[in-house]
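Hi,

Here is the structure I promised to pass on. Please have a look at it first, then read my notes below.

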Amino acid sequence: MINSALYREPQLLDANLHRQKRLKPLTDFSVTKNMHAAFITATEFPQAALDFPIIFIHTGEKLADGKAMVSPVALLGLVANENLRLNGTRWDARYVPAFIRRFPFLTAHVQGSDAPGVFVDASWSGFNDQEGEALFDEQGHPSEALKRAIEFLQRFDQEQQRTRVFCERIVALDILKEMQADAQLPNGENIKVEGFMTVDEEKINALPDATVLELHRNGMLMLMQAHLMSLANVRDLVERKAARMASTAAA
């Protein structure tokens, strides 16, 4: 599924249609202003956990046994369509999720094809005819810049599949619990964030020793611990929300 909060006009990349196009580096992160969460791959947990709360949400997909599939996301805001990690055009965090770094490209299913296609957000100002690195040479072959972008997309898709294996395992183990976060802002307003899940430490502790050893050896236990530690970052989002409200009121 294409994230409509980030990609506004996705087009299948075409050597004929986009032969003259160039690409500027992503330095203006205002394209993320309506994102309050971003998908995170499992390999990103250790770094992302230093900046963002990592939570799990339902994807709407059912697994073969009827259980609901989940996906990890980095929480960027406390309400829909608000990115508290965006300061003007600047990304205000040490880490930028790969989901965002791959912009303006992404891969998605193409009807009639077994292989995913490479799409580009044609509405983005950095995708233009004048500035940046060329995407194709005069013969219509991918430039080095485009090759690097495609390699990044391929690595991202591979990590996405590994993340799915991780999520399928924790769903099978039934170690997630529904959660909500309540916060009171300095002006007295209450904010409730709900509809997400976290790993239940009590359920982990109740697992058989052999299962815990397996999770330790395959690295999944470390990912769960990083996720649990990341939840302390909810307080940072509350403080950012309060500061933004105060700035708006003073303007």
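A residue is called buried under 20% relative accessible area, exposed over 50%, and partly exposed in between. Keep in mind that this is a predicted model.

Start with Asp174. Its relative accessible area is 47%, so Asp174 is partly exposed. Asp174 sits in the loop between helix 3 (144-173) and strand 12. Its phi is positive, about 55°, although Asp174 is not a glycine.

Asn81 also deserves a look. Its phi is near 65°, a positive value in a residue other than glycine. Asn81 belongs to the loop that runs between strand 5 (68-75) and strand 6 (86-87). Here the relative accessible area is 52%, so Asn81 counts as exposed.

Next, a peptide bond. The one from Phe103 to Pro104 is cis, and its omega is near 10°. Pro104 is in the loop between helix 2 (98-101) and strand 8 (105-108).

Last, Met179. This residue is part of strand 12, which covers residues 176-184. Which residues does Met179 touch, leaving out those up to four places away in sequence? They are Val193, Glu194, Gly195, Phe196, Met197 and Thr198. Met179 has a relative accessibility of 31%, so it counts as partly exposed. One distance to note: 21 Å separates the C-alpha atoms of Met179 and Leu50, which are 129 residues apart along the chain.

Best wishes

Methods: Residues numbered from 1 in each chain as written. Predicted model: local features only at pLDDT ≥ 70, side-chain atom pairs only at ≥ 80, totals over all residues. Heavy atoms only, no water. Helix = DSSP H or I, 4+ residues; strand = E, 2+ residues; numbered from the N terminus. Buried < 20%, exposed > 50% of the residue type's maximum accessible area, 1.4 Å probe, protein only. Contact = heavy atoms within 4.5 Å.
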